[in-house]
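Here is a short report on a protein model with its parts described in turn. Look at the sequence and the structure first, then read on.

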Amino acid sequence: MLRYTLLRLLGAIPTLLLVIVLAFLMVHAAPGGPFDAERALPPDIEANIARAYHLDEPLPKQFLRYLSGLLQGDLGPSYRFRDHTVNDLIGGAFPLSMKLGAMAMALALVLGAGAGTVAALRQDTLLDRVVMGFSMTGISIPVFVVAPILVLFLAVQLHWLPAGWSSTTGTSRFVLPVVTLALPQIAYIARLTRASMIDVLGRDFIRTARAQGLGTMTVVRLHALKPAMLPVLSYMGPAIAAILTGSVVVEEIFGIPGLGQFFVRGALNRDYTLVLGIVVFYASLIVLLNLVVDILYGVIDPRVRRR
Amino acid sequence: MSLLTHPSVRTSGGILLFVALVALLGPLLSPNDYLTTNFDALLSPPSFGSARFFGTDDLGRDLFVRTMLGIRVTLLVAIVASLVSLVIGVAYGAIAGYVGGRVDAAMMRVVDTLYALPFIFFVILLMVAFERNFLLIFVAIGAVNWLDMARIVRGQTLSLREREFVAAARLIGVSPVRIVFRHIAPNLIGIVVVYVTLTIPQAILVESFLSFLGLGVQEPQTSLGALVDAGVNQMEGAPWTLLIPGGLLALVLMCFNFLGDGLRDVFDARHVS
């Protein structure tokens, strides 16, 4: 188990390095400098700014400087928010995004696995068709279409829930963002669970459990659920990435001051260091969480470790 | 089941054809164009009397014509992006599968590594760093979506290269490059068609996501994502500006997903869903 974990950890290093190199090169290959948008400055001042941000150094040296900063956990200064470092900005905005993401993920797992299991147990009935129909719809409709439509009906027309983040401070302001963020994941996890649950329910050990006189619910809870959730577990990596991407849209629509909103603002303002920092941060987070999923997979399914 | 009798292939294919036709020919039926602003008819609701089938937007431009233009742009971006990913994916997968051995292992290792990257953030980064033009959107989205294709094509090629006709071609001295592109590639068409159909909705999603954030297609051009973005700002007073493009976007995405699923049933006998 330790060997497996170490091997996985080593495997993550090239991926992370690739992320950093790609992101760094893209930002630095951009035509024009980060301060071009402003009024033309005297050349001396321009040279001073370039020196202050080490932009006058050759690219490999800049990269090494950035990398050594990263190793010490320093993402550098923001180009636009002059008095803040990228670390400050991410540290201030990320907890809220994480809270939203974690809630959405929990909701998606519970509802998705539940709906998928029910559909599998009632295979080919009307209930199954309805669940699967909803799930195809949920997968197909993008977050940025669902979110405003939900706001329009539930908040603007019916006044059941607050429309924006800042209009209230209660927990009710979490409902719409979390539901919107979770919806496509609920749909996808329901499909995955249904397929693998049908597969598992057809196995011999389930027949044995049934033959011992156990009720359907007991069989599902004690015997079928764990093996049936393996494909869902391996979907967790992409799901986390999808929720992070979705949070960019959801935060923009609901006006939530999280990391996603900073990312979009940074992108539109051409705040290169901030955008680069967030990309590196998000990518490392995804690689790290993928790693956790891989290791968990090894814990749950011993067959994987031997490969 | 064959191509034309499969229910979801027929229905979703039919709807898509209809939508594409209307998007191409529809604007001819309307007296309006997508650019002209009319300040006497800002945000007027849909009505057939004044030939404003979908109403107007906040600048008084005709939403029917703009929506049709948006569908065209969205479909064009998605199809071209999918072709880019098709070319990259098929070439990469076929080479890895045909050469095999260490080269294959190394090439697939690269694919695995790339899978772990949050590509959408790189696409956004590209859009931030460079001038936002159409070509770049195509290439960026295509460059993101080729991984699945490469994997599938490699798997197929691995089994194809053991077949007699490949051995025969090798025996009479056909060059490896020619074998890959003239003998193996044509046998991949079925499966490639299926995965291109499933890549198109992904490309549509990326494009509309970018346009929604204001990083994709720029005014006065438009796409379904850009229209939804504009509609969000007007939805309280003029819900049709959101609901019509949003509904059409959802419809197109759903049809592509059902079409891909159906085509997989038809072409890919191993995959029984």
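## Chain A

In chain A, residues 24 or more positions apart account for 72% of the contacts with a separation of 6 or more. Two residues are in contact if their C-beta atoms, placed from the backbone, lie within 7 Å. The model is predicted, so local features need pLDDT of at least 70 and side-chain atom pairs count only at pLDDT 80 or more, while totals for chains, interfaces and linings use all residues. Residues are numbered from 1 along each chain as its sequence is written, and chains are lettered from A and ligands numbered from 1 in the order in which they are written.

Chain A has 13 helices and zero strands. Helices (H or I, at least four residues) and strands (E, at least two) are DSSP runs, numbered from the N terminus. The C-alpha atoms of chain A fill a box of roughly 85 × 55 × 30 Å along the principal axes. Chain A has 307 residues, and 37% of them count as buried. A residue is buried if 20 or more other C-beta atoms lie within 10 Å of its own, exposed if 12 or fewer, and partly exposed in between; the C-beta atoms are placed from the backbone.

## A helix pair in chain A

How do helix 4 and helix 5 of chain A pack, and at what angle? Helix 4 (residues 86-121) and helix 5 (residues 126-140) of chain A pack at about 145 degrees, with axes 8 Å apart. Axes are lines fitted to C-alpha atoms, for helices over the stretch in contact, and angles run from 0 to 180 degrees between N-to-C directions.

Helix 4 of chain A gives Ala115(A), Val118(A) and Ala119(A) to the contact. Helix 5 of chain A gives Leu127(A), Asp128(A), Val131(A) and Met132(A). By class, this contact of helix 4 with helix 5 of chain A has six nonpolar, no polar and one charged residues. Ala, Val, Leu, Ile, Met, Phe, Trp, Tyr, Cys and Pro count as nonpolar, Asp, Glu, Lys and Arg as charged, and the others, Gly among them, as polar.

## Chain B

Chain B has 11 helices and zero strands. Its C-alpha trace spans about 75 × 45 × 30 Å along the principal axes. Of its 273 residues, 46% count as buried. Residues 24 or more positions apart account for 68% of the contacts in chain B with a separation of 6 or more.

Helix 1 (residues 7-29) and helix 2 (residues 63-99) of chain B pack at about 130 degrees, with axes 9 Å apart. The two helices of chain B are therefore oblique to each other. Angles under 35 degrees count as roughly parallel, over 145 as roughly antiparallel, 65 to 115 as roughly perpendicular and the rest as oblique. Val19(B) and Leu24(B) are among the helix 1 residues in this contact, and Met68(B) and Leu75(B) are among those of helix 2.

## Where the chains meet

How many residues of chain A are in contact with chain B? The count is 38 residues of chain A, against 32 residues of chain B. Helix 1 of chain A gives the most to its side, with nine residues. By class, that side of chain A has 32 nonpolar, five polar and one charged residues.

## The core

The largest nonpolar core has 157 residues. Such a core is a set of buried Ala, Val, Leu, Ile, Met, Phe, Trp, Tyr and Cys residues joined through C-beta atoms within 7 Å. Ile189(A), Val275(A), Val279(A) and Val123(B) touch the most other members. Helix 2 of chain B gives the largest share, 19 residues.
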